[in-house]
Amino acid sequence: MLFVCANCLKNRMMLNNNLKHNILFFFLFFTGFVCAQNKASGKIVDAKNKKEISKVDIFINNDTNPTLTTTSGSFAIQSDSIIHKLKFSRKNYAAETLEITPENAENIFVQLSQAKVSDIQEIVITSGKSKYKNKKENPAYAIMQKVWGHKRNNGLEKFDTYSYKEYEKTQFDLNNLDSAFMKKKIFKKLDFIFDYADSTASGRLGLPIFLNEAVYENYGKNRPDKDSKRTLVAQKTSGFQDNQVITVSAKNLYRDINIYDNTLNYFDIGFQSPVGTDGFSTYDYTLTDTISIRGEKAFQIRYQPKRKDILAFQGNLYIDTDTYAVLGATLKSTQKINVNFVNSVYTQLEYDNPDDATFLPKKLVTEFEMSPFSKKKGSKSIIAKRSVDYSDYQFNKPLDPNVFKRKEEEFDDKFVEKDDSYWVKARPDTLSKAEQGVYKMLDQLQQTPKFNRMVKLVETLGSRYYNAFKGIDIGPIFSIYGRNEVEGDRIRLGARTYFGLNDPWRVQFYTAYGFKDQQVKYGVEARYMFNRLNRFMIGAGTSRDIVQLGGQLTSGDGVASRSLSSSTFFARGENISLSSVNQTSVFAAIEPWKNIQFRVDGVMQSIKSAIPEKFNLMYYQNGQLRQTVNDSHITFSIIAKPGAKFSQTGIDRYQARNLAPTIVLRYTRGIEGLFNADFNYDKLQFMLYKPFLLGTLGKTIVNFEAGKNFNTVPLALQNIIPANLSYGLAPNTFSQLNYYEFVADAYTTLHLEHHFNGKILSYIPLIKKLKFREIAFIRAAYGSLSDASKAINVEGFKYSAPNEHIYYEYGFGIENIGIGNLRIFRVDFNWRGNYLDRPDISKFGVKAGFQVGF
């Protein structure tokens, strides 16, 4: 279909109006019989939803130029010659041609069917890849320059109001099954599932194991003020829908992408876009075909990366020959893709282009092949596929302000339950036989004890809790054993209530015993959420435990939100800076706006040294020597996570990984005399955490914290620059500091960590085969400590802040260490930058640990 620009459309409308008003009445009367075949009228609708369509070009007989471009769903057309054929053509629709006779010339009902990128008909085929001395000689470069010059933005931004629907289908399939695999003992009594397997394009069997269908309604406005809302109105799930690990993983895999951006976000890793303005630095482009897509004449440009071992794609771009808009694109990863657990990535994009400046998403299909161990072709893997169809776009229509408000019924599980007749109408395409079978298959599986035991194992490893019996989980299982200087060997047993993903209340409890100090410790907390709309909740807790206070700056007050003990198997030196803390707390929290929480905590606590003979927390108050700090304070917090996505709506939510920031602003007021508290004080704290994609250079993670005590307080209530004496990785700590080495009334810290994603090591022969990825980091801290704050502590002379110079550490790390697709080990090499003349310091250190991610 030919592109019609806005000016042409206007001219044709004016011409059509002139024809209608200037042809004389008597001429029409005289030629009435002939005009019965010289004019035609009717209505044009979408074949699927029967909605009227405008902007349709109508061609008479064999004309190559349209006689009329419609402005509504109805049309009336006439000609100086007899009309015997009409052709109807519109972007994104297959052209339709009708034979016209005097009998059917009026009330014509035209149904146009939407076309797909796959409906491509070749017109011109060129041979082989051409070699050019420079990119300016490449005809593809001239085309891409036009694309950059006509770079488009999402069309939703140009309208005062808009609305549209999304149909989303997410499916996990076991891939590359064979008879040997199906005969394994693990499938004994489960072999009926293979009755639902189906052949894949490779000829091997694929078995659907998870299927989720969802329908969303989207509303937005840009003027006079900006607002938007995306509401889940229907959902149907089969598979491991009650497994929080699978649920989070499914939501965490996919990102929305814009092909016009320079960097495309997959797994929060930056891939160079083939349509980006610097694409020629990464890709070779070849103009191969001139083809027709949905009636549009388009250039087909094949692209491939200049180097196979970088994060880039290969595939085809389909560029409109008139407007240089991207009609569609395919993106396929190379065989050497260096992403953990991922064997391949494939994406298909389709766009509608309503004018010269904008585009609208039409269809998005993304498919990942994932395997925990091997990248070999044909290895057992999981195919994770997500397809999204966008439809029913409406613009500049008045929207009820209530559509932007969150409604409590939207959080009810029954709100998204719909019957089968709804889904038949909602699906753009019918489900395949294998997809239909997955619902039935999982119903059978869930009645099988062996399958339920397997699901329970996966849930236990993912949640860290073991479901002992209905409503009770035991754990966290990885905290059962620990060790520190005070307790020696430590055993910890805990439990929580758990009835489902969206529980509105939770009770947690633990008890611990140290074989060295022979003391019992405990903690218990109860929380209740009144509604899921504004997430208003209250809670209370109490604990008695050994705590490392110097391990975190912006920490929460809740029993379940803090590290309750310091347990280290391997560390440099002895950790004697431990405190014994008895705490009781209450809190209330509310989320008046999405992802913005207001929280109030009330805390009563007593703090003393856990090893008085080695770690002195004694202080002076009113001329008296005290060893226990009694503290009562109220904390007001604002916690914002704009753009964050959560998998559940209950009191505990699991946040999917993305590039959303975390912003915390916290004010604490200590109240002297309240429950025998010793001090009045005011403390203000701020924290910002944000990952940034820097194009193909990788990802930078920023963590900035600042705070100030406005009053003199003893060491137990001071700001301790956090240290990490273990040989394990601990985020937002300083690896080469000792505990309590720096203490500050006022402080600022900055942690910068950049992940190059293998960009440097991929140039080194032999090393690049290991697929290691490099990291660079720097950490800095600055602060001050008043003389009064030193004087209040018995051993205050020992403590200082980094006020002479900014303390800093730097280093590099190697991540993605492992074998095959299992590369979850990381090693960091750390150097201390200054304050090197202090006794008992560590100038260099190595940290290592597991880092599960892509």
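The structure is a predicted model, where local features need pLDDT of at least 70, side-chain atom pairs count only at pLDDT 80 or more, and totals for chains, interfaces and linings use all residues. Residues are numbered from 1 along each chain as its sequence is written, and side-chain values use heavy atoms, with hydrogens and water left out.

**Exercise 1. Describe the surroundings of S789**.

Step 1: locate the residue. S789 belongs to helix α10, residues 787-791. Helices (H or I, at least four residues) and strands (E, at least two) are DSSP runs, numbered from the N terminus.

Step 2: is S789 buried or exposed? Its relative accessible area is 2%, so S789 is buried. The cut-offs are under 20% for buried and over 50% for exposed, with partly exposed in between (1.4 Å probe, protein chains only).

Step 3: find the polar contacts. The side chain of S789 meets that of S786 at 3.0 Å. With the side chain of Q718, the distance is 3.4 Å. A polar contact is a pair of N or O atoms within 3.5 Å; within protein, one must be able to donate a hydrogen and the other to accept it, and residues adjacent in sequence count only if both atoms are side-chain atoms.

Step 4: list the contacts (heavy atoms within 4.5 Å). Neighbours within four places in sequence are left aside; S789 then touches T712, Q718 and D745.

**Exercise 2. Classify the ring pair Y285 and Y303**.

Step 1: apply the rule. Rings of Phe, Tyr and Trp (its six-membered ring) pair if their centres lie within 6.5 Å; planes under 30 degrees apart are stacked, over 60 edge-to-face, and the rest tilted.

Step 2: Y285 is in strand β16 and Y303 in strand β17, 18 residues apart. Y285 is buried at 3% relative accessibility, and Y303 is buried at 1%.

Step 3: look wider. Ring pairs join Y285 and Y303 with Y141, W148, F280 and Y283 in a cluster.
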